[in-house]
Amino acid sequence: MVEELVAAGVTLASAAVVYVAAAARVVKQYERGVVFRLGKLRSQVRGPGFTLIVPGVDKLRKVNMQIVTMPVPAQEGITRDNVTVRVDAVVYFKVTSPAEAIVRVEDYRFAVSQMAQTSLRSIIGKSELDDLLSNREKLNQGLELMIDSPAIEWGVTIDRVDIKDVSLPETMKRSMARQAEADRERRARVINADAELQASKKLAEAAHQMADAPAALQLRLLQTVMAVAAEKNSTLVLPIPVELLRFLEKGAQVAPSVREPARGAQRPESVESRTAQDELPSGEDSLDVDL
């Protein structure tokens, strides 16, 4: 009798162990479990940890709740300004309702991928090339709204959408390069012209200052000579100082003015002598002649 009870207990224990082994499930922290009992969805979603189901009756499906990074294949389209481009993007999404993600759509990953490709082609057709190249933040927001609208019904939330790259034809790249080069050249010319204008103004101010103080011109000349002399591989030609030329010029102007009064002083003396001779008596003249 005792042996029969022991055997029955062992049998029950073995059956319990087999049942627990068949019914035990472990749900990870980043997962949620959706249970179907005889094909019908159970309202309770199993959380992370150890859980039990009815073997042969229940079926547990685990849903990953992590953010999924999905690359969108490059889509080719024509922009609103008739430029052919290829654009690829990346979508970040996560499941917020495990039951709806399993029941409402067959494969929510594939559904999100197809919706992202369709929305990307639509964005290409509605945008211009300049927007795709420089205003991507606004396009990313519009693309996110287009994908998120149907995805909410699938229990999926779009976290972020980014346009990764925009590929242009080679002819368009060359045209844009020429345009950018011409624009840079225009700005360089404007900057050079502005610099010349400012330099001319400063030179004019310096000329006025040197005109008021001639010694400043000599100091500037000496500074220039020192700067040139620093290069030992150059030949230095020292010009005649401007002040020396001015001194010589003033001396040349003063010399004729000194000479003319000397000649004028002799002329009055000759006139007076002739007048004295005219006033002498005729006898004296004759006497001088006889002598």
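Residues are numbered from 1 along each chain as its sequence is written, and side-chain values use heavy atoms, with hydrogens and water left out. Because the model is predicted, local features need pLDDT of at least 70 and side-chain atom pairs count only at pLDDT 80 or more, while totals for chains, interfaces and linings use all residues.

So, how confident is the predictor? pLDDT is its confidence in each residue, from 0 to 100. The protein has a mean pLDDT of 80, and 80% of its residues reach 70 or more. Strand S7 has the highest confidence, at 92, and helix H9, residues 282-290, the lowest, at a mean of 38. Over residues 262-291 the pLDDT is below 50, and this stretch has one contact in the model beyond near neighbours in sequence; contact here means heavy atoms within 4.5 Å. Where pLDDT is low, the predicted coordinates should not be read in detail.

On to the strands. Helices (H or I, at least four residues) and strands (E, at least two) are DSSP runs, numbered from the N terminus. Two strands pair if DSSP finds at least two bridges between them.

For angles, axes are lines fitted to C-alpha atoms, for helices over the stretch in contact, and the values run from 0 to 180 degrees between N-to-C directions. S2, residues 31-37, is joined to S3 by four bridges, and Phe36 stands opposite Leu41 in S3.

Another open sheet of three strands runs S6-S7-S8, also with antiparallel pairing. S6 (68-78) and S8 (156-167) each have a single partner strand, so one side of each is left without a neighbour in the sheet. Here the twist averages 25 degrees from one strand to the next. Ten bridges link S7 (residues 84-95) to S8, and Phe93 faces Ile158 in S8. Helix H3, residues 108-126, packs on this sheet and touches S6, S7 and S8, its direction making about 35 degrees with that of S6. Helix H5 (residues 136-151) lies across S7 and S8, at about 140 degrees to S8.

What sits in the core? A nonpolar core is a set of buried Ala, Val, Leu, Ile, Met, Phe, Trp, Tyr and Cys residues joined through side-chain atoms within 4.5 Å. Buried means under 20% relative accessible area, exposed over 50%, and partly exposed in between, with a 1.4 Å probe and protein chains only. The largest nonpolar core has 36 residues, of which Val85, Val91 and Phe93 touch the most other members. H3 gives the largest share of this core, seven residues. Leaving aside neighbours within four places in sequence, the contacts of Val91 include Val112, Ala116, Ile147 and Ile158.

Please also look at Ala99, in helix H2. Ala99 counts as buried because its relative accessibility is 18%. Not counting residues up to four places away in sequence, Ala99 touches Val34 and Leu41.

Last stop: helix H6 (residues 170-212) and helix H7 (residues 214-229) pack at about 115 degrees, with their axes 4 Å apart. Thanks, everyone!

Notes:
pLDDT is the predictor's confidence in each residue, from 0 to 100.
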